[in-house]
Amino acid sequence: MNFQIENMEGFLQWVKTCPYAYSISSMSGGFIHVKILIPVFLILSIAWSVLWIPPNQVESRLTTSIVALLALIAYNFVFNEDLPKLSYLTSMDKYILISYLFCCIPTFLTVYFSRINQRDYNKAVRMNKKSRLYGSIIYAILVVLSFSNI
């Protein structure tokens with residue numbers, strides 16, 4: 001019996017130092033990133049898809065963007081148990097906060113463009129197109145910065 005316990009401890013020590021054990025444990029970390037990054041990005045894409053709906057269809061735009069925001073909040077409750085509880089912000093926390101902010105922006109833009117639409121429809125369409133471009137660029141830059149060590 002003592003022989004088996006010593007062998008088991010030796011095996012566990014070997015597993016801790018084995019390079020293959022590291023790659024297996026890093027796969028679970030990568031899985032968590034994929035489990036969070038891709039769904040959050042897809043929900044955010046749905047929120048920003050309202051900018052492809054004409055500015056005069058305020059109800060459709062508001063409904064879609066608010067549903068996406070609620071879906072992001074609900075999904076946060078789902079994966080929040082998978083994240084470690086730390087006293088500082090991690091890159092993943094920054095990514096989630098940026099995503100919350102950018103999930104709210106289409107709702108605010110819809111309200112703003114509805115006001116502009118009442119006066120000048122063409123101006124609302126032009127500003128809508130610019131928002132799509134600049135919003136995507138700014139989001140991409142902020143996400144890269146959140147995962148970098150800058």
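Reader: Is threonine 110 buried or exposed, and how does one read this?

Author: A residue is buried under 20% relative accessible area, exposed over 50% and partly exposed in between, with a 1.4 Å probe and protein chains only. Threonine 110 has 1% relative accessibility and therefore counts as buried. The model is a predicted one, in which local features need pLDDT of at least 70 and side-chain atom pairs count only at pLDDT 80 or more, while totals for chains, interfaces and linings use all residues. Residues are numbered from 1 along each chain as its sequence is written, and side-chain values use heavy atoms, with hydrogens and water left out.

Reader: Where does threonine 110 lie, and which residues does it contact beyond its neighbours within four places in sequence?

Author: Contact means heavy atoms within 4.5 Å. Threonine 110 belongs to helix H4. With neighbours within four places in sequence set aside, its contacts are Val50, Val58, Arg61 and Leu62.

Reader: How many helices and strands does the protein chain have?

Author: Helices (H or I, at least four residues) and strands (E, at least two) are DSSP runs, numbered from the N terminus. The protein chain has five helices and zero strands, and its elements run α-α-α-α-α from the N terminus on. Of its 150 residues, 29% count as buried. Among the contacts in the chain with a separation of 6 or more, 74% come from residues 24 or more positions apart.

Reader: At what angle do H3 and H4 pack, and how far apart are their axes?

Author: Two packed helices are described by the angle between their axes and by the distance between the axes. The axes are lines fitted to C-alpha atoms, for helices over the stretch in contact, and the angles run from 0 to 180 degrees between N-to-C directions. Helix H3 (residues 58-79) and helix H4 (residues 91-119) pack at about 165°, with axes 9 Å apart. Angles under 35 degrees count as roughly parallel, over 145 as roughly antiparallel, 65 to 115 as roughly perpendicular and the rest as oblique. H3 and H4 are therefore roughly antiparallel to each other. The residues that make this contact include Val58, Arg61 and Leu62 of H3 and Thr107, Thr110 and Val111 of H4.

Reader: How do the residues of this contact divide by class?

Author: Ala, Val, Leu, Ile, Met, Phe, Trp, Tyr, Cys and Pro count as nonpolar, Asp, Glu, Lys and Arg as charged, and the others, Gly among them, as polar. The contact of H3 with H4 has 15 nonpolar, six polar and one charged residues.

Reader: How does H4 pack with H5?

Author: H4 and H5 pack at an angle of about 170°, and their axes are 10 Å apart. That angle makes H4 roughly antiparallel to H5. By class, the contact of H4 with H5 has 16 nonpolar, seven polar and three charged residues.

Reader: Which residues have the most contacts inside the largest nonpolar core?

Author: A nonpolar core is a set of buried Ala, Val, Leu, Ile, Met, Phe, Trp, Tyr and Cys residues joined through side-chain atoms within 4.5 Å. The largest such core has 27 residues, and those with the most contacts inside it are Ile36, Val40, Phe79, Tyr95, Ile96, Cys103 and Tyr139. Helix H2 (19-48), H3, H4 and helix H5 (121-147) are the elements that give two or more residues to this core. H4 gives the most, with 10 residues. Tyrosine 95, leaving aside neighbours within four places in sequence, is in contact with Leu37, Val40, Phe41, Tyr139, Val143, Ser146 and Phe147.

Reader: Where is glycine 135 placed, and which residues does it contact?

Author: Glycine 135 is in helix H5 and, at 11% relative accessibility, counts as buried. Apart from neighbours within four places in sequence, glycine 135 is in contact with Trp48 and Phe102. Glycine 135 and proline 106 are 29 residues apart in sequence, and their C-alpha atoms are 9.5 Å apart in space.

Reader: Is asparagine 149 buried or exposed?

Author: Asparagine 149 is exposed, with a relative accessible area of 81%, and is placed in the segment after H5. The C-alpha atoms of asparagine 149 and serine 91 are separated by 8.8 Å, and the two residues are 58 apart along the chain.
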